[in-house]
Amino acid sequence: MATNKDYWKKRIDETAQRRFDLTYEVMQSETRKIYDRITREIIKEVEAMYYKLLDEELSRTEIWTYKHYKDLLNSINMKMVKLGLKEINILNYNLEEALREIYVETPLPQHTPIKPSFAVLDDVAVQQIIARSWSEKHFISTEWDNKKELVRILKKGIEDCIVKGQSKDKLVKVVMEKMQVGFNRADMVVRTELMHTINEGQRQKYMNHGYDKGIILVAHDERLCEKCVKYADNEKPRPLDEIVLPTHPRCRCTCIPVIE
Ligand SMILES: [Zn+2]
């Protein structure tokens with residue numbers, strides 16, 4: 001027989017998973033769009049540079065001093081700044097929205113230890129949670145580090161192609177592959193930060209309603225993940241203010257308050 005506790009466990013967990021799916025879809029599609037646009041822009045410039053290179057019959061090794069190549073690198077750098085700023089905007093805006101939503105959506109029993117006078121999370125709390133660094137690096141630093149790395153692999157890919165005298169099509173393919181690597185990293189940041197934000201919103205709600213202990217529910221598809229299983233510690237109650245989720249990228253584990 002399902003107990004009252006099981007009922008809340010299921011409802012709260014489902015709310016978190018649903019909010020993740022809804023917001024993730026929006027964030028993923030916005031991120032995809034900006035990556036596609038920047039990729040098209042870079043390809044256009046790489047092609048133009050390649051045609052000039054052929055026209056001027058430059059030797060492959062002269063590329064390093066070639067003005068059009070330097071211009072291309074400058075332009076890629078600027079596009080990466082544009083990309084990074086846009087990604088940070090997507091994160092800030094959607095994470096704040098998700099935080100407000102999950103705070104309202106998360107169900108709690110009618111009789112909670114405390115009944116706060118406000119049903120919503122105030123703006124200051126929202127901004128503080130999003131601005132707080134909860135893992136080694138805040139997502140803003142991660143984004144810039146990722147852009148720096150993307151410039152590096154793009155540059156290397158383009159130079160390798162030119163030195164080896166590969167076709168323009170091959171060069172375009174390499175640019176697309178490297179940009180896909182960049183997108184995958186951006187997607188990982190989105191997933192991890194969104195899951196964290198949802199967990200934070202729920203945790204804030206429990207604490208604002210007077211709960212002080214929580215248990216961790218290991219996500220269905222993660223029952224074999226040693227890290228998650230160990231962190232959940234067999235659903236042993238522990239202080240809510242010590243719980244930090246997710247435990248790894250792609251982790252979908254959640255936390256629920258201890259309901260008597
Ligand atoms: Zn997990």
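Which residue just after α4 takes a positive phi? The residue is G165, with a phi of about 65°. The structure is a predicted model.

**Helices α1 and α2**
- Helix α1 spans residues 4-55 and helix α2 spans residues 67-105; their axes come within 10 Å and cross at roughly 170°.
- Because this angle is over 145°, α1 is roughly antiparallel to α2.
- The contact of α1 with α2 comprises 15 nonpolar, six polar and ten charged residues.

**The sheet and the helices on it**
- Three strands form an open sheet in the order β2-β1-β3, and their pairing is antiparallel.
- Strands β2 (238-239) and β3 (254-257) are the edge strands, each pairing on one side only.
- Strand β1 (residues 213-217) runs antiparallel to β2 and is joined to β2 by two bridges.
- Residue G214 has R238 in β2 as its bridge partner.
- Helix α1 lies across β1 and β3, and runs at about 140° to β3.
- Helix α5 (residues 168-208) also packs on the sheet, where it touches β1 and β3; the direction of α5 makes about 10° with that of β3.

**Helix α4**
- Helix α4 (residues 139-163) contains 25 residues.
- From its first C-alpha to its last, α4 reaches 36 Å, close to the 36 Å expected at 1.5 Å a residue.
- The buried residues of α4 include F139, E143, K147, L150, L154, I158 and I162.
- Among the elements that cover the buried residues of α4 are α1, α2 and α5.

Conventions: Residues numbered from 1 in each chain as written. Predicted model: local features only at pLDDT ≥ 70, side-chain atom pairs only at ≥ 80, totals over all residues. Axes fitted to C-alpha atoms, helices over the stretch in contact; angles between N-to-C directions. Helix = DSSP H or I, 4+ residues; strand = E, 2+ residues; numbered from the N terminus. Parallel < 35°, antiparallel > 145°, perpendicular 65-115°, else oblique. Nonpolar A, V, L, I, M, F, W, Y, C, P; charged D, E, K, R; others polar. Pairing = 2+ DSSP bridges. Contact = placed C-beta atoms within 7 Å. Expected span 1.5 Å × (residues − 1). Buried ≥ 20, exposed ≤ 12 C-beta atoms within 10 Å, placed from the backbone.
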